[in-house]
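User: I'm new to protein structures and would like a close look at one part of this one: the place where the two chains meet. Could you walk me through it?

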Amino acid sequence: MTGVVLYAVLIAFGFFTGGAAGLLGVGGGIMMVPFLTLVADVSQHAAQATSLLVVLPTAVVASVTLQRKGIGDLPLALRFGLVGAVGGIAGALLALALPGHALRIIFALFLGGVSVRLVRDGLATQ
Amino acid sequence: MTDRAPRTLVREPSVSSATAPRNRLTRQLAAIGGAGGVLSGLLGVGGGVVMVPLLVLRAGYRQRDAHAISLGAIIPISLASVLTYGVAGEVRVGYAVALAVGSVVGARVGAGLLARISERPLKIVFGLFLGVVALLLVLR
């Protein structure tokens with residue numbers, strides 16, 4: 001896919017991931033990175049860097065929207081995120097020293113367990 | 001419990017940490033933020049996928065508040081990552097701009113929906129999303 005069509009698809013997909021990110025409280029990289037590598041033929045590394053550049057304005061707009069509606073606590077969230085940013089640097093350094101595949105499987109199991117629990121809790125909530 | 005309680009984070013009373021002061025960066029919150037950052041750096045997944053479950057299941061935040069906090073936290077986390085990656089200079093700027101044009105509009109729509117949706121469908125939708133993410137991680 002090239003040219004104008006690709007850009008139109010990118011904007012449309014951006015709208016979809018931005019909507020999902022705003023609702024789900026995530027950045028959207030998990031959706032954008034595979035899309036960039038598979039559809040736009042971008043290398044894994046460039047896809048991650050590109051998606052991060054999209055995640056930033058997405059999170060800002062979603063946060064401002066929620067702050068205006070009185071949901072959450074943005075100053076607290078920003079301080080909370082600063083700790084996360086420091087953790088992120090540590091994690092990136094750790095990634096160089098640890099076997100990535102095994103970690104991914106362990107993490108996937110964790111997410112699978114949380115997934116089941118949240119759906120069950122959701123169904124049990126009145 | 002009203003849906004639009006202004007600026008207060010509602011924590012479920014059954015959780016042991018409910019005595020912790022609200023709206024302050026407690027040790028537990030800092031630990032969750034750190035864990036979210038480390039795991040996202042380690043596994044290349046966004047922090048939100050890690051932080052939201054921890055905020056709900058460990059810190060006892062309501063699903064909606066957890067999503068809002070996670071979105072705010074993503075700002076400094078992604079900023080730090082952008083600065084790190086920016087040095088490497090591998091960003092496809094044109095693609096990023098096109099995606100961002102769509103996603104900032106989508107973010108308003110999604111956040112607006114988050115403000116209105118009730119706890120139950122939000123938990124189910126997020127839970128299903130996590131299930132898909134888990135599958136993607138295994139298949140990758």
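Analyst: Let's start with chain B, which has five helices and zero strands; helices here are DSSP runs of H or I with at least four residues, strands are runs of E with at least two, and both are numbered from the N terminus. Read along the sequence, chain B goes α-α-α-α-α. Chain A also reads α-α-α-α-α, with five helices and zero strands.

A word on what you're looking at: this is a predicted model, in which local features need pLDDT of at least 70, side-chain atom pairs count only at pLDDT 80 or more, and totals for chains, interfaces and linings use all residues. Residues are numbered from 1 along each chain as its sequence is written, while chains are lettered from A and ligands numbered from 1 in the order in which they are written.

Now for the meeting place. On one side 85 residues of chain A are in contact with 87 residues of chain B, where contact means that the C-beta atoms of two residues, placed from the backbone, lie within 7 Å. On the chain A side, the elements giving two or more residues are H1 (3-24), H2 (29-38), H3, H4 (74-95) and H5 (100-124). H4(A) gives the most, with 20 residues. Sorted by class, the chain A side has 54 nonpolar, 26 polar and five charged residues. For that sorting, Ala, Val, Leu, Ile, Met, Phe, Trp, Tyr, Cys and Pro count as nonpolar, Asp, Glu, Lys and Arg as charged, and the others, Gly among them, as polar.

Let's zoom in on one pair of helices. H1(A) packs with H4 of chain B (residues 93-116) at an angle of about 30°, and their axes are 5 Å apart. Those axes are lines fitted to C-alpha atoms, for helices over the stretch in contact, and angles run from 0 to 180 degrees between N-to-C directions. Where H1(A) meets H4(B), there are 22 nonpolar, nine polar and no charged residues.

Next, pick out Gly127(B), which sits in H5 of chain B (residues 119-139). Is Gly127(B) buried or exposed? Gly127(B) counts as buried because it has 22 C-beta neighbours inside 10 Å; the rule is 20 or more other C-beta atoms within 10 Å for buried, 12 or fewer for exposed, and partly exposed in between, with C-beta atoms placed from the backbone. Leaving out residues up to four places away in sequence, Gly127(B) touches Ser115(A), Leu118(A), Val119(A) and Gly122(A). By the burial rule, 50% of the 126 residues in chain A are buried, and for chain B the share is 49% of 140 residues.

Finally, there's the largest nonpolar core, with 78 residues. Such a core is a set of buried Ala, Val, Leu, Ile, Met, Phe, Trp, Tyr and Cys residues joined through C-beta atoms within 7 Å. Helix H3 of chain A (residues 44-68) gives the most to this core, with 11 residues. Domain 1 (1-74) and domain 2 (92-126) of chain A both give residues to the core, so it lies between them; the bounds come from an automatic or database domain assignment. Among the residues with the most contacts inside the core is Leu55(B). Leaving aside neighbours within four places in sequence, Leu55(B) is in contact with Ile32(B), Tyr61(B), Ala66(B), Ile69(B) and Ser70(B).
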